[in-house]
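User: I would like to work through how this chain packs, one question at a time. Please give the cut-offs along with the answers.

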Amino acid sequence: MIIGILLVFFGVLSLLQNVGVLSFLSALMWAVAFGAGGAVFLYVFLKSDAGWWASIPAGALLGIAMTIGAEELLPWLPDGFTGAIFLGMLSLGFLSIVLMNHTRWWALIPGGALLSVAATAAFSEVLPDQAVGGVLFLGLAATFAILALLQTTPGMRWMFVPAAVLGTMGLLLMTSAAHLAGFLWPLVLIGIGIALLFGSRQREIYR
């Protein structure tokens with residue numbers, strides 16, 4: 001019902017603007033409209049545990065609102081930072097699910113990945129390309145490491161393996177050792193493959 005109401009609201013605003021009735025409607029008004037939609041979903045999320053799903057559209061809508069606001073009010077911001085705002089808010093939508101209930105640990109995977117990409121977009125304006133790749137790898141490594149720490153089941157400890165491999169890649173790229181990447185990529189693939197096989201074997205043992 002809430003999604004339907006929001007779609008009708010945005011559709012009516014868009015239609016009125018396109019026919020000239022609301023030609024004065026500026027980008028900031030759209031930012032307010034998206035922000036209001038995000039606030040509604042945020043209320044649903046905070047109201048009860050059953051509304052955990054609402055955190056995702058809340059993060060997306062609030063991210064759009066903040067991105068539009070940044071483009072209008074802070075035009076001097078680099079494009080990378082502006083794009084990072086939306087990705088960061090969308091990531092926060094997933095991470096909030098984990099923070100509210102640790103049993104929904106799966107949300108940390110897209111949340112951590114999106115946050116890593118957001119950091120990559122932001123730092124792409126100030127860091128060399130090799131170091132930017134290092135930021136992405138370090139973010140993904142941190143995601144796997146946190147997942148491994150949150151999981152008390154021995155069968156999930158295999159996540160430390162990709163965390164270590166990705167972390168090593170990230171550190172090497174951050175130290176401008178990019179010429180080693182051609183040799184390390186196969187090792188990364190082998191390491192992740194071994195970790196998956198080990199994890200599958202462990203699950204069979206503890207089942």
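User: Of the contacts in the chain with a separation of 6 or more, what share comes from residues 24 or more positions apart?

Analyst: The model is predicted, so local features need pLDDT of at least 70 and side-chain atom pairs count only at pLDDT 80 or more, while totals for chains, interfaces and linings use all residues. Residues are numbered from 1 along each chain as its sequence is written, and side-chain values use heavy atoms, with hydrogens and water left out. A contact means heavy atoms within 4.5 Å. Among contacts with a separation of 6 or more, the share from residues 24 or more positions apart is 59%.

User: What does the secondary structure of the chain come to?

Analyst: Helices (H or I, at least four residues) and strands (E, at least two) are DSSP runs, numbered from the N terminus. Read from that end, the elements run α-α-α-α-α-α-α-α. The totals are 8 helices and 0 strands.

User: What percentage of the residues counts as buried?

Analyst: The term buried means under 20% relative accessible area, exposed means over 50%, and partly exposed lies in between (1.4 Å probe, protein chains only). Applied to the 207 residues of the chain, the buried share is 40%.

User: Leaving out residues up to four places away in sequence, which residues does Leu114 touch?

Analyst: Leu114 is one of the core residues that touch the most other members. With sequence neighbours up to four places away left out, its contacts are Leu87, Leu90, Ser91 and Phe94.

User: Is Ser91 buried or exposed?

Analyst: Ser91 sits in helix 4. Outside the four places on either side in sequence, Ser91 touches Gly111, Leu114 and Leu115. Because its relative accessibility is 0%, Ser91 counts as buried.

User: How many residues apart are Phe41 and Trp53?

Analyst: Phe41 and Trp53 are edge-to-face, with 6.1 Å between centres and 80° between planes. Phe41 is in helix 2 (residues 27-47) and Trp53 in the loop between helix 2 and helix 3 (55-73), a separation of 12 residues.

User: How many residues separate Trp52 and Trp106?

Analyst: Trp52 and Trp106 form an edge-to-face pair at 5.7 Å centre to centre and 75° between planes. Trp52 is in the loop between helix 2 and helix 3, and Trp106 in the loop between helix 4 (79-100) and helix 5 (108-123), so the pair links distant parts of the chain across 54 residues.

User: Which side chains meet in a salt bridge?

Analyst: A salt bridge is a side-chain nitrogen of Lys or Arg within 4 Å of a carboxyl oxygen of Asp or Glu. By this rule the count is 1. At 3.1 Å, N to O, the partners are Asp49 and Arg104.

User: How many residues apart are Asp49 and Arg104?

Analyst: At 42% relative accessibility Asp49 is partly exposed, whereas Arg104 is buried at 16%. Asp49 is in the loop between helix 2 and helix 3 and Arg104 in the loop between helix 4 and helix 5, which puts the two apart by 55 residues.

How values were computed
Rings of Phe, Tyr and Trp (its six-membered ring) pair if their centres lie within 6.5 Å; planes under 30 degrees apart count as stacked, over 60 as edge-to-face and the rest as tilted. A nonpolar core is a set of buried Ala, Val, Leu, Ile, Met, Phe, Trp, Tyr and Cys residues joined through side-chain atoms within 4.5 Å.
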